[in-house]
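Please open the structure in your viewer and keep the selection tool at hand.

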Amino acid sequence: MVREVLTDDEGLATGVSYINKDDRQEYELKAKVVVLAASACSSARILLNSKSKQHPGGLGNSSGVVGKYLHDSTGASRSAFIPALMDRKLYNEDGTGGMHIYFPWWLDNKKLDFPRGYHMEAWGGLGMPSYGFGFDPNELNVHIGKKVGGYGDQLRKDVKSFYGSTVGISGRGECIAREENYCEIDPHVVDEFGIPVLRFNYTWTDHEMLQGKHMHDTFEEILTAMGGVLLGTKPGKEDDYGLAAPGRIIHEVGTTRMGNDKKRSVVNANQQLHDAKNVFIVDGGPFVSQADKNPTWTILALSWRTCDYIIDQLKKQDI
Ligand SMILES: Cc1cc2nc3c(=O)[nH]c(=O)nc-3n(C[C@H](O)[C@H](O)[C@H](O)COP(=O)(O)OP(=O)(O)OC[C@H]3O[C@@H](n4cnc5c(N)ncnc54)[C@H](O)[C@@H]3O)c2cc1C
């Protein structure tokens, strides 16, 4: 478990210090180049814990931006019971809708009351090996005026009849990166290895809330047009329009943002620290923004490009 990046008198990295999880002792690893890929928040944590005379606010943090502009995708969901899908022929639908079917963003957001957009993921179907219908059959009986309750053959018949008749839609959208959303070192709490942990400050603004509202209006429109009976209740403003809490969609990025201006960013276009040219970050930290789609392919693409750059720089003996 890495505690910090070690630096020399010139402020360049010389390696890392880490706690061995087996003997709980601290060790040092020497390196010419340090590449952090601990995920957006953990890399920010390592940098913030790497304080020295040359980097008093933490390594790479002369701008004060490390940890800031943290952002996660927005997310909300709704499901419905679709009577037209009852009493279906049963067959293996694995691979069809087992995970979800993706719909890209389809509107011109200039005409809407929130910036950017979101995609939708529809889910449902006869997911194997799970068996059943996802809900208490009595709950679904209510919607079609059937007798509530039952045992034995009647219950078995109901289970088969309802199996595969509930579907849902989830939205995943773009959140606006803001300086006010950040993680920082908690001065009072350390983990089991004695390493200071992060604490988080994060709120949704109207941008995200109005997007959540639009998601729910759209889910209802589609599911109702399918003849569906909406399940659960539509969340209102008091419930942040059903937006999952920040961090729940697990697409956290932005904590070590990329930019040309070293006063306003942490890494350059090669994901190289402005403040220490032999330290690189190859996780979601350098993202300045994150479109609605999941981040990992972009993390991998940027990481690949950075690896090529590191090889090139080592050959030229520039780092
Ligand atoms: C349940 C789940 C589902 C997801 N689904 C998708 C999806 O469908 N599509 C998509 O694009 N993204 C998805 N994501 C997001 C995706 O997992 C992340 O974007 C991606 O893993 C980030 O890659 P990373 O290499 O930056 O970090 P990680 O994959 O988190 O790897 C970081 C590694 O660093 C280690 N580490 C952290 N701190 C330290 C330390 N101090 N010392 C030593 N090691 C350390 C960690 O143990 C970990 O092994 C999902 C995430 C979750 C949790």
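**Before selecting**

This is a predicted model: local features need pLDDT of at least 70, side-chain atom pairs count only at pLDDT 80 or more, and totals for chains, interfaces and linings use all residues. Residues are numbered from 1 along each chain as its sequence is written.

**Stop 1: the whole protein**

The protein has five helices and 12 strands; helices (H or I, at least four residues) and strands (E, at least two) are DSSP runs, numbered from the N terminus. The radius of gyration, taken over C-alpha atoms, is 25 Å, well over the 20 Å that the globule rule gives for 319 residues, so the protein is more spread out than a compact globule. The globule rule is 2.2 Å times the number of residues to the power 0.38. Along the principal axes, the C-alpha atoms fill a box of roughly 80 × 50 × 40 Å.

Of the 319 residues, 34% are buried. A residue is buried if 20 or more other C-beta atoms lie within 10 Å of its own, exposed if 12 or fewer, and partly exposed in between, with C-beta atoms placed from the backbone. Among contacts with a separation of 6 or more, 68% involve residues 24 or more positions apart; two residues are in contact if their C-beta atoms, placed from the backbone, lie within 7 Å.

**Stop 2: the sheet of S1, S2 and S3**

Select residues 2-7, 13-19 and 26-30, which are strands S1, S2 and S3. These three strands form an open antiparallel sheet in the order S1-S2-S3. S1 and S3 stand at the edges with a single partner strand each, so one side of each is left without a neighbour in the sheet. Neighbouring strands are turned by 25° against each other on average, direction ignored; the axes are lines fitted to C-alpha atoms, for helices over the stretch in contact, and angles run from 0 to 180 degrees between N-to-C directions.

S1 and S2 are joined by five bridges, where two strands pair if DSSP finds at least two bridges between them. Val5 has Val16 as its bridge partner, and Thr7 stands opposite Ala13. Five residues separate the two strands of this hairpin, and Gly11 in the turn has a positive phi of about 85°.

Five bridges also join S2 to S3, with Tyr18 partnered by Tyr27. In this second hairpin, six residues lie between the strands, and Arg24 takes a positive phi near 60°.

**Stop 3: the ligand and helix H1**

Select the ligand and the 15 residues around it, of which Ala38, Ser39, Asp283, Asn294 and Thr296 come nearest; a residue is near a molecule or strand if its C-beta atom, placed from the backbone, lies within 6 Å of it. Helix H1 (40-48) and helix H5 (296-315) are the elements that give two or more residues to this shell. By class, the shell has eight nonpolar, six polar and one charged residues. Ala, Val, Leu, Ile, Met, Phe, Trp, Tyr, Cys and Pro count as nonpolar, Asp, Glu, Lys and Arg as charged, and the others, Gly among them, as polar.

Next select Ser43, in helix H1. Is Ser43 buried or exposed? Ser43 is buried, with 26 other C-beta atoms within 10 Å. Beyond its neighbours within four places in sequence, its contacts include Ala38 and Asp283. The C-alpha atoms of Ser43 and Glu4 are 9.7 Å apart, although 39 residues separate them along the chain.

**Stop 4: further strand pairs**

Select S7 (residues 118-124) and S6 (residues 101-103), which run antiparallel and share three bridges. Phe103 is the bridge partner of Met120. S7 also pairs with S8 (residues 166-173) in the antiparallel sense, over seven bridges, and Gly124 is partnered by Val167.

Then move to S9 (residues 182-190) and S10 (residues 196-201), joined by five antiparallel bridges. Ile185 pairs with Leu198. Gly194, in the turn of this hairpin, has a positive phi of about 85°.

**Stop 5: two backbone positions**

Most residues other than glycine have a negative phi. Tyr69, in the loop between H1 and strand S5 (74-81), has a positive phi near 65°. With 25 C-beta neighbours inside 10 Å, Tyr69 counts as buried.

Finally, select Ile250, in the loop between S11 (229-231) and S12 (279-281). Its phi is positive, near 55°, and with 12 C-beta neighbours inside 10 Å Ile250 counts as exposed.
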